[in-house]
Amino acid sequence: MKHLILINIFLLLNCVCTFAQTNPAQPNILLIIADDLGVDYINGYSNNAIMPITPTLDSLRNEGLTFTNTWSAPVCTPTRSSIMSGKYGIKTGVLGVPGNLDVSHTSVFNALSSQTGDAYAEAVVGKWHISDPPDYTHPAQHGIDHYEGVFNSSVPDYFDWEKLNSNGSLSQETNYATTDFTNAAISWINNQNQPWFMWLAHVAPHVPLHVPPADLYNSTSVGTNKRKFRAMIEAMDTEIGRLLYNIPPAQLANTVVIFVGDNGTPNGVNQVTVTDHSKGTLYQGGIHVPLIVAGAGVNRQNATEDALVHTVDLYATILELTGANFQGGINNSFSFEHLLSSAGGPERPYNYSDFDNAYTIRNNQYKLIVNDDLSEEFYDLIADPQETDNLINSLTIAQQAVRDELFYEAYDIRIDWSCQDLILNGSELTVDDCTPTSGFVCNNNNTTNYTNIGCCATPTISSQYIETLNAGQRTILTNNFPDHDYCFTNSGNGAPQPQNYQFFVDAAPVYNGTPVSILNNVNRPEFFFGVANNGVLLAPAPALPFVFENPNTGEHNWNWVFEPTNVQGPGSGLVSLDCASAHVGPQGYHYHGNMFSYVENLAAGISTTNTIPSEPLHIGWAADGYPIVYRYGPDVNGNMKELLPSYALRNGDRSGDGVNAPCGPFNGRYTNDYQYLAFADLDECNGIQQNITLTTDNGTETFDYFYVITEDFPQIPRCFMGTPDTSFGDGATHGTCSDGIQGQGETGIDCGGLCNACSLGNINVQLKLYLEGPYNSSISEMEVNLYNGNLLPFAQPFNVAPYNYNGIESVLFYPSDDIVDWVLVQARDANNWDTVIESRACFLLKDGTLMDTDGTSGVNFASLNSATNYRFAIYHKGHLGVLTASALSVPTTNTYDFTTSNITAEGVQQVKFKGNAHVLHAGDFDNNGIVNNLDFNMWTSNSAIVNSYEHFDADCNGVVNNQDFNLWNINRSKVGETSIYLN
């Protein structure tokens, strides 16, 4: 019976007669995908020890064309996404398993409907596996009329599996999966009265390995995994034969049958010479798959084709078979439709495939693999088809040239569109128009200028930078004002002005390994890269874009942005940078490149020396939380050296026409003139995966990755290997009236200027306050007593504390055992510290936190004006005050932390003093803003002059006397963690 079926199939596929209901211009398309089937189990490709008996596939080869150099992705999901979209994984983001093909990519089904005016009925039966998380409407969203099958990678049991039916319901099936899919395909095809496209996606021969029903396979031995694998292929072959036999003769005669594997055979059952060169790898055993095409319009019968082909090419080929007409192809899909009728004609010059962060590319002879760790492998596939001899360290001059050619071509594919793929894609006006035509004269300005305008001013305003570390989060407060000489620029924004920012980063950042650009999808700023330790932003890109022929229309090409450090100086098309490679923009003063003036203040000569320092120079934090160092650091072997970037100028000329995009040779005028070649120490984000230990404002910290500011491009990195915090958002996320930043034109944070309509918010002040008793020399520390019932009066403990306001007692509930004492918090006028705007009392709890008198956490101010700036003071028993040095305005959702240095009294941390936060304590004898051992000794010896203690009246009775001394000596206090939250 099987032979009779095959004879009938043979006759129908080879039939030249005309049937009334056929339309050669619109043939049916039957695409059959086998799962996990490489060339090592297919007759005509291999002759290995265990070969299946496949009469159906053999007949398709005899009556059609066998492609011998077809590549796929090394796993199923990227391959299926490439067929569906006509794009490589680097273009869809589907680079591994799991993966989700976004509906923004025009599927082959939607394209077919558009190209033919909905002339085709369309169906998918079997494995989907391009939706993550699974969305059962995903096939319909991609334009598929009918879907039924399995959404996962396979079935748990070919005889007991869950099926998604065409009506969206789920059912448990016990029918053999390969047979069930065949039944579904036959049923759907036989109900069509118009041209159709059936995508039949078998799960066979994917695991679980098993013995199929006896009537479906021919082999006599199924005792090993390889033999079970062979039997599963034979069962699939039998069912493909049954499908073809059950297609009505007229339809079959007008049907193109395409059979393809989705990736190589898995390790364990594969039959390639190097067993681990299998599925999941970029070796031939993982990506070299069978492709057979037979049926209507396939005039080359019992023939082979050695042209390079990719599964992505099925997209354009299917569309051209059904009537579309492309110039070479579309997207990354090169149509091989012309090869079905005659040998010769255009052939894709390169085959390319990617997987996660690795990729490979080949020409007719040589193959380059670039692995996740950027290591390379280079093979001669003619002399070494099994890829056992990696030539990368012994390349001849000719082979090195081929390696470079392949590398640059892969680079173009990954960042843009190839100019040598014979496809009209990207911004091309004609196929591969990247090379200027004969006689073309480039009139674009292609000059570069590396001379900045130097220094011309010394800062007269204090640079403010406060960094705190709490609960795994690093908080940075800055007024973004330089602490070094600078110059005014001609950018229209004048001299630097203070501009308040607050940033948050993870104190224990996680290396993701996948670059996140500082730019958005239209190459505009998405993030500041980071902030220097002097509080100035690192915002390296972009500068000015290439302007179209008519700049008055506002048309720009943001793919081509001036590289600011290479076009310095005044004038049109140049970026004025000062002696720190910085200037002023809407975001304030910011660095674009090597921060000469800043780093020279930190370590004189560091920007020019060739002497390797003993320790890295930590100069700031990236938005993902990783540290930034200047020039020098440990390499992959842990040796201190100057770490070099891996970018180089591209070779040749730009592909632009001089109107829509720049022309002229690559010379560094534009950022896109550079390419990442992975030839030096640093990765594409100018970082290195290496442990580094640094002394920061918060002590000694160790990281597994760090970024480097380099002398050469890119100087400041342009991407992250961790997850950037949204507080570093640029562009639309700043410059608004609700961004928590005192932006340009604002008189305060989100208030004044253009933001007069800002709504008023409350202020919530929270802190931790630690109470300490006398110093105990026997234990060498302060004795801590956080609770004493006698310290908790129900009346006001001292006369200056307004524990009631508006004539109403503010205490709404009685204290509990968790409450230790009272604390008074005041909001004062920023311009007059002695003017108290509002005072609030709150309870101090045992754990050091505060509770408002209404029982809520923290302290809320309600009467503050959004257009006014404030300073905040915190008092406990009249002898402790914390006053903000910088004026704060409302509202904002950010946090202001006042943290510590290690000043000690009697051997114990006594006072916390950081940056420009001003901490006042009773007992500051020399009025230097801190209480140290000298003050402590003078206090306890009563040798101080009373007048020196003005404003330090411990019991608030209006007189500074010995009683104040005693209160201080008996019940000292210190600020632990103090935060002001502005809601």
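**Entry 1**

I began with Cys455, which is partly exposed at 42% relative accessibility. My cut-offs are these: buried is under 20% relative accessible area, exposed is over 50%, and partly exposed lies in between, with a 1.4 Å probe and protein chains only. I am working on a predicted model, where local features need pLDDT of at least 70, side-chain atom pairs count only at pLDDT 80 or more, and totals for chains, interfaces and linings use all residues. Residues are numbered from 1 along each chain as its sequence is written, and side-chain values use heavy atoms, with hydrogens and water left out.

Which cysteine does Cys455 form a disulfide with? I found Cys579, with the two sulfur atoms 1.9 Å apart. The criterion for a disulfide is a pair of cysteine sulfur atoms within 2.5 Å. Cys455 sits in the loop between α12 (397-415) and β17, and Cys579 in the loop between β24 and β25, so this link ties together parts that are 124 residues apart in sequence. I took helices (H or I, at least four residues) and strands (E, at least two) as DSSP runs, numbered from the N terminus. The link of Cys455 and Cys579 is right-handed, with 105 degrees about the S-S bond. Cys579 is buried, at 10% relative accessibility.

**Entry 2: the other disulfides I checked**

The structure has four disulfides. I looked at Cys456 and Cys487 next; their sulfur atoms are 2.1 Å apart. Cys456 belongs to the loop between α12 and β17 and Cys487 to the loop between β18 and β19, so parts 31 residues apart in sequence are tied together. The torsion about this S-S bond is about 110 degrees, so the disulfide is right-handed. Cys456 is partly exposed at 43%, whereas Cys487 is buried at 9%.

Is the disulfide of Cys685 and Cys719 right-handed or left-handed? I noted a torsion of about -120 degrees, so this disulfide is left-handed. The sulfur atoms of Cys685 and Cys719 are 2.0 Å apart. Cys685 lies in the loop between β32 (674-676) and β33 (687-688), and Cys719 in strand β37 (residues 719-720), so the pair joins parts 34 residues apart in sequence. Both Cys685 and Cys719 are buried.

**Entry 3: Thr565**

I went back to the loop between β24 (556-561) and β25 (582-585), which holds Thr565. Thr565 is buried, at 6% relative accessible area. Its side chain makes a polar contact of 3.5 Å with the side chain of Asn566. A polar contact here is a pair of N or O atoms within 3.5 Å; within protein, one must be able to donate a hydrogen and the other to accept it, and residues adjacent in sequence count only if both atoms are side-chain atoms. Setting aside neighbours within four places in sequence, I listed the contacts of Thr565 (heavy atoms within 4.5 Å). They are Asn449, Tyr450, Leu577, His592, Gly593 and Gln715.

**Entry 4: the sheet β17-β18-β19**

I traced an open sheet of three strands in the order β17-β18-β19, with antiparallel pairing. From one strand to the next, the twist averages 15 degrees. Two strands count as paired if DSSP finds at least two bridges between them. Strand β18 (residues 473-478) and β19 are joined by six bridges. Across that pairing, Arg474 stands opposite Val505 in β19.

**Entry 5: strand β1**

Seven of the seven residues of β1 (residues 28-34) are buried. Asn28, Leu30, Ile32 and Ala34 point one way, and Ile29, Leu31 and Ile33 the other. In a regular strand the side chains alternate between the two faces of the sheet. Which strands pair with β1? I found strand β8 (residues 255-261), parallel, with seven bridges. I also found strand β7 (residues 196-201), parallel, with five bridges. Ile32 has Phe259 as its bridge partner in β8, and Leu31 has Trp199 in β7.

**Entry 6: nonpolar cores**

A nonpolar core is a set of buried Ala, Val, Leu, Ile, Met, Phe, Trp, Tyr and Cys residues joined through side-chain atoms within 4.5 Å. The largest one has 55 residues, of which Phe529, Tyr591, Ile619 and Tyr707 touch the most other members. Strand β36 (residues 706-709) contributes the most, with four residues. A second, separate core has 47 residues, including Ile42, Ile50, Ala185 and Leu200. For Phe529, I noted contacts beyond four places in sequence, among them Ile518, Leu538, Tyr707 and Cys719.

Methods:
Axes are lines fitted to C-alpha atoms, for helices over the stretch in contact, and angles run from 0 to 180 degrees between N-to-C directions.
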